[in-house]
Amino acid sequence: MKLTSPFIATQLACFYEKHRFIVAYSGGIDSHVLLHLLASVPELKNKITAIYVHHGLQACADDWAVHCQQCAQALAVDFQAIKVNAKAKQGQSPEEAARNARYQAFKDIVQENDVLLFAQHRNDQLETVLLQLFRGAGLKGLSGMPENIVFSKGQLLRPLLDVSQDEIKQYANQHQLQWVEDPSNQDISFDRNFLRNEIIPLLEQRWPSLDKTVARVAGHCAEAQSELSASAKDKMLKLYDKETQSLSVLGLLEYEKKAQQWVLREWFAYQSLRMPSVKVLTAIFTDILHARPEANPVVQFGGYTVRRYRNNLYCVAEQLPVDFQQTFLWLDAKPNLQLSNNGFLSAEPAAQGINRALWKGGSVEVRYRQGGEKIALNNREGRHSLKKLFQESGILPWLRDRLPIIYIDGQIAAIADLWVAKEFIGRDGEACIKLNWQEITSELKI
């Protein structure tokens with residue numbers, strides 16, 4: 001039998017210096033076997049924390065949490081239960097909602113020098129690859145689950161990924177382990193359960209080593225994906241602007257279409273965004289990359305919008321709605337002013353900025369652009385419309401209306417933290433106030 005203390009010790013030998021080993025512990029047979037194995041390694045035992053994510057989706061979830069706590073206590077390892085909201089959003093499957101909630105819980109808890117361990121095995125890999133195949137996935141999907149990846153501030157390991165489910169069952173029976181059975185695992189309305197309970201048993205009758213074969217295929221796909229991804233990332237970084245997180249459209253169009261697709265995927269991955277569907281990628285090519293220069297096309301997906309401005313491509317988080325008729329009174333010159341759905345403004349002492357005496361002595365209000373506003377700037381003649389200033393400075397069009405305008409005694413004193421009006425600017429030796437607007441500041445300029 002492969003599953004022994006020496007086996008798991010060897011799997012984790014290069015991670016012994018890590019501070020904490022966090023086990024995703026559901027109480028099922030797989031995670032219980034993994035926890036039992038880890039607890040049998042003296043070098044690891046005092047570093048283990050078993051985490052039970054309480055989805056609240058089953059009536060017996062509370063009982064499972066108690067069972068997991070008791071098992072962890074019996075193994076003398078730390079235990080923690082975390083309750084999450086796994087309610088599916090519109091257009092989201094229950095499986096996806098639960099998975100996302102679970103992963104987010106672990107992202108929040110995994111710290112630097114932590115290792116998160118999942119108990120997924122070779123049969124899970126088989127299910128994953130088949131599901132991806134039936135969904136029309138590319139190389140990345142057909143690569144299945146990686147054995148070792150960076151996760152949050154730490155690392156995620158799957159030390160049982162080359163172990164069969166039969167070996168796990170043998171270990172559990174040999175050590176007389178007790179585990180919980182999730183009744184939803186028998187519900188074949190879920191795709192994974194349908195595969196597991198109805199399809200894969202038939203396939204294995206014809207091809208008994210199917211799990212090993214598919215795992216080998218996944219490995220080949222992972223190698224190919226890695227090579228192509230590395231090449232595409234090199235191309236992407238040559239077109240990428242770190243300050244604005246944008247991508248050069250003209251540079252992208254120099255590549256042939258397949259390379260463009262790979263570069264776009266790497267761009268999304270580099271920003272830790274969910275990979276867009278083929279439909280979304282097609283829309284980006286059709287509606288944005290080949291749009292007229294004066295057009296302002298937008299493609300929406302997954303809480304983000306992809307936009308083009310001055311031959312650069314941006315992926316922008318969907319913004320909360322703002323009431324642009326609002327007026328905010330900045331009373332008593334407080335250091336911070338909260339702007340509804342639009343971040344906050346802060347003011348701090350500085351050598352340059354708004355004259356502190358004018359700031360302290362005047363009535364300070366914050367409004368939004370209504371049209372026709374002008375401002376006089378230091379070292380420039382005349383008064384300038386905000387529209388012209390925004391165009392000159394490359395302020396992104398979707399941010400222009402959200403820029404807070406600061407008024408003192410009814411006169412424009414500053415535009416966010418970008419410009420201070422000539423009438424209010426502090427002179428040499430005068431105490432000043434510096435403004436800072438905490439709202440997507442990295443995307444303000446090109």
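This is a short tour of a predicted model, stop by stop, with something to select at each one.

**Stop 1: the largest nonpolar core**

Start by selecting Leu-3, Ile-8, Leu-12, Val-33, Leu-38, Leu-117 and Leu-160. These are the residues with the most contacts inside the largest nonpolar core, which has 40 residues. As general background, nonpolar side chains in soluble globular proteins tend to be buried together.

Now colour the elements that each give two or more residues to this core: helices H1 (5–11), H2 (29–39), H4 (61–74) and H8 (165–174), plus strands S1 (20–24), S2 (48–54) and S4 (114–117). Which element gives the largest share of the core? That's H2, with 7 residues.

Next, click on Leu-117 and show what surrounds it. Skipping residues up to four places away in sequence, Leu-117 touches Phe-21, Ile-22, Val-23 and Ala-24, and also Leu-12, Leu-34, Leu-38, Leu-157 and Pro-159.

Before moving on, pick out Leu-389, Tyr-407, Ala-414 and Leu-435. They belong to a second, separate core, this one of 34 residues.

**Stop 2: Arg-307**

Jump to strand S10 (residues 304–309) and find Arg-307 there. Is Arg-307 buried or exposed? It counts as buried, because its relative accessible area is 16%, and the cut-off for buried is under 20%.

Show the side chains of Arg-307 and Thr-305, and you can trace a polar contact of 3.2 Å between them.

**Stop 3: helix H12**

Select residues 257–270 to see helix H12, 14 residues that reach 20 Å from first C-alpha to last, close to the 20 Å expected. Among its buried residues are Ala-259, Val-263, Leu-264, Trp-267 and Phe-268, but Gln-260, Gln-261 and Glu-266 are buried too.

Check what's at each end. Glu-256 caps the N-terminal end, with a side-chain oxygen 3.1 Å from the backbone nitrogen of Lys-258. After the helix comes Ser-272, whose phi is positive, near 60°.

**Stop 4: the cysteines**

How many disulfides does the structure hold? The count is 0. Cys-71 is buried, at 13% relative accessibility. Finish at Cys-221, which is also buried, at 12%.

Technical notes
Residues numbered from 1 in each chain as written. Predicted model: local features only at pLDDT ≥ 70, side-chain atom pairs only at ≥ 80, totals over all residues. Heavy atoms only, no water. Core = buried A, V, L, I, M, F, W, Y, C linked by side-chain atoms within 4.5 Å. Buried < 20%, exposed > 50% of the residue type's maximum accessible area, 1.4 Å probe, protein only. Helix = DSSP H or I, 4+ residues; strand = E, 2+ residues; numbered from the N terminus. Contact = heavy atoms within 4.5 Å. Polar contact = N/O pair within 3.5 Å; in protein donor to acceptor, adjacent residues only side chain to side chain. Expected span 1.5 Å × (residues − 1). Disulfide = S-S within 2.5 Å.
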